[in-house]
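The plan is to go from the overall layout down to single residue pairs.

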Amino acid sequence: MLKIKHTICPSCSVGCGINIVSGEGKVLGTYPYKRHPINEGKNCLNGRGSVEQFENRICSPSLVKNNELVESDNETVINLIKEKLGSINPLDEDAMDDVIETD
Ligand code: SF4
């Protein structure tokens, strides 16, 4: 059975409405959201092709463990972030260096 979800196009910041058509757990296509106040029933070519972005979207967070990405879940990652941020002394200017690695 096909499912249709009204959502916002992910391709740019305009925020047009778009309908996602899916079936058997796969995104099959898109078509414009006719009553959306921003695009009033039209999507540009990028928006219409955004189906590829839905296919490749990240559906769950990952953690680096032993130098490898390991799939995780939102609750685990949020708790880890809370734990790390909660351990920071706000008066220590270098404290973030121990939490976030930057190049
Ligand atoms: S349909 Fe086109 S203009 Fe509208 S949000 Fe998507 S990419 Fe942007």
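**Domains and overall layout**

I looked up the domain centres first: the C-alpha centres of domain 1 and domain 2 lie 34 Å apart. The model I am reading is a predicted one. I then checked the bounds. The assignment puts domain 1 at 2-55 and domain 2 at 62-98.

Next I listed the secondary structure. I find 3 helices and 5 strands in the protein. Along the sequence they run β-β-β-α-α-β-β-α. I compared the spread with the globule rule. The radius of gyration is 20 Å, well over the 13 Å that the rule gives for 103 residues, so the protein is more spread out than a compact globule. The box filled by the C-alpha atoms, taken along the principal axes, is roughly 55 × 30 × 25 Å.

Of the 103 residues, 9% count as buried. Among contacts between residues at least 6 apart in sequence, I note that 24% join residues at least 24 apart.

How many strands form the open sheet, and in what order? The open sheet has 3 strands in the order 1-2-3, with antiparallel pairing. Strand 1 (2-8) and strand 3 stand at the edges with a single partner strand each, so one side of each has no neighbour in the sheet. From one strand to the next, the twist averages 30°.

I took the pairs one by one. Strand 1 and strand 2 are antiparallel over 7 bridges. I picked two positions in this pairing. His6 stands opposite Asn19 in strand 2. Lys5 stands opposite Ile20, also in strand 2.

Strand 2 (residues 17-23) pairs with strand 3 (residues 26-32), again in the antiparallel sense, over 6 bridges. Here Asn19 stands opposite Tyr31 in strand 3.

I went on to the turn. Ser22 has Val27 in strand 3 as its bridge partner. Strand 2 and strand 3 form a hairpin with 2 residues between them. In that turn, Glu24 has a positive phi of about 50°.

**A closer look at Thr7**

Is Thr7 buried, partly exposed or exposed? I count 13 other C-beta atoms within 10 Å. The cut-off for buried is 20 or more, and 12 or fewer would be exposed. Thr7 is therefore partly exposed.

Which residues does Thr7 touch, leaving out those up to four places away in sequence? They are Ile18 and Ile20. I checked the C-alpha separation for one of them. Thr7 and Ile18 are 11 residues apart along the chain, and their C-alpha atoms are separated by 5.5 Å.

**Helix 3**

Last, I checked the length of helix 3 (residues 74-86). At 1.5 Å a residue, its 13 residues should span 18 Å. The end C-alpha atoms are 18 Å apart, which agrees. I then asked how many of its 13 residues are buried. The count is 0, and helix 3 is hardly covered.

Note on methods:
Residues numbered from 1 in each chain as written. Predicted model: local features only at pLDDT ≥ 70, side-chain atom pairs only at ≥ 80, totals over all residues. Helix = DSSP H or I, 4+ residues; strand = E, 2+ residues; numbered from the N terminus. Rg over C-alpha atoms; globule rule 2.2 N^0.38 Å. Contact = placed C-beta atoms within 7 Å. Domains from an automatic or database assignment. Pairing = 2+ DSSP bridges. Axes fitted to C-alpha atoms, helices over the stretch in contact; angles between N-to-C directions. Expected span 1.5 Å × (residues − 1).
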